[in-house]
Amino acid sequence: DFTAADDYGLMGAKAEFRLAHNDRGEVLERPLPLPSLGVRQAAETAFYDLTPHPWAGMEVLLRLVAVDALEQKGESIDFRFTLPERQFRHPVARAVIEQRKNLVRNPDSRRLVSLALRAIAQAPETYDNDVVVMLALSAAAARLKYDRDGSTVGSVIDLLWDTALRI
C-alpha cells in the first residue's frame, strides 16, 4: 500500500529495490499503479510476486519514487526488509537454490558453484534419477566453468530456478 500526492499532478510512480549488502548498484524497478495520469493524490496497492527473483530471501532496500508533471522526483526513505522466498522442501532443490543464491551474491564464485553443481548432479538417486535434472545441472556447471567474463551467470541463475522447481 502506498500514498502519493503532488500539487502539479502525479505522472508516474515506481518501487526501486536494491540489495542491502551490494555495491554493484543494481536496481530492480517495478511500476506503481496510479488511478490516472495527472491525479493530485493517490492511495493505491501494488502486488508483485518476487519469490522467483534471484534476490528472494535476501535483504533489500525499498524506495518509492514519484514523478510529477514538471518531472520533479519525490522519494521515500529506504525500507530495509528481506524479500520473501519460496520454501523448497526437497533437499536437492534446496541445495540447488543455495548455489543459486551463492551465484547471485557473488558472481565471481562461478568456479565454486560449478563444482557444487557437479557434485549434486553426480548423485542422481537423490533427485529420482531425473535425466532432465541431471542434464540441467551438468549444463549449468559446464557453462559456469567455462565462463570467462560472467556473461552466462544470469541465464544460469534462471536455469537453476527452473531446475529446483522441477525437482
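Predicted model: local features only at pLDDT ≥ 70, side-chain atom pairs only at ≥ 80, totals over all residues.

Q: Which side chain meets Lys-101 in a salt bridge?

A: The general idea comes first: side chains of opposite charge can pair when their charged atoms come close. In this structure, the partner of Lys-101 is Glu-85, with an N to O distance of 2.7 Å. Glu-85 lies in the loop between β6 (79-82) and α1 (91-105), whereas Lys-101 belongs to helix α1, so the pair ties together parts that are 16 residues apart in sequence. Glu-85 is partly exposed, its relative accessible area being 29%.

Q: How many salt bridges does the rule give?

A: The count comes to 11 salt bridges. The rule requires a side-chain nitrogen of Lys or Arg within 4 Å of a carboxyl oxygen of Asp or Glu.

Q: Which residues are linked in a network of salt bridges?

A: One such network links Lys-14, Glu-16, Arg-18 and Glu-29. Within this group, Lys-14 meets Glu-16 in a salt bridge of 3.3 Å, N to O. Glu-16 is buried, at 7% relative accessibility, and Lys-14 is partly exposed, at 21%.

Lys-14 also forms a salt bridge with Glu-29, where the closest N and O atoms are 3.2 Å apart. Lys-14 is in strand β1 (residues 2-19) and Glu-29 in strand β2 (residues 28-31), so this pair ties together parts that are 15 residues apart in sequence. Glu-29 is partly exposed, with a relative accessible area of 41%.

Q: Is Asp-68 buried or exposed, and what is the nearest side chain of opposite charge?

A: Asp-68 is buried, yet has no salt bridge. The nearest side chain of opposite charge is that of Arg-40, 9.6 Å away. Asp-68 itself has its place in strand β4 (residues 59-68).

Q: Which backbone nitrogen atoms lie 2.9 Å and 2.8 Å from a polar atom of the side chain of Asp-68?

A: The backbone nitrogen of Leu-70 lies at 2.9 Å from a polar atom of that side chain. For the backbone nitrogen of Gln-72, the distance to a polar atom of the Asp-68 side chain is 2.8 Å.

Q: Which residues does Asp-68 touch, not counting those up to four places away in sequence?

A: With those neighbours left out, Asp-68 touches Asp-6, Tyr-8, Gly-9, Leu-10 and Met-11.

Note on methods:
Residues numbered from 1 in each chain as written. Heavy atoms only, no water. Buried < 20%, exposed > 50% of the residue type's maximum accessible area, 1.4 Å probe, protein only. Helix = DSSP H or I, 4+ residues; strand = E, 2+ residues; numbered from the N terminus. Lys, Arg positive; Asp, Glu negative; His and termini not counted. Polar contact = N/O pair within 3.5 Å; in protein donor to acceptor, adjacent residues only side chain to side chain. Contact = heavy atoms within 4.5 Å.
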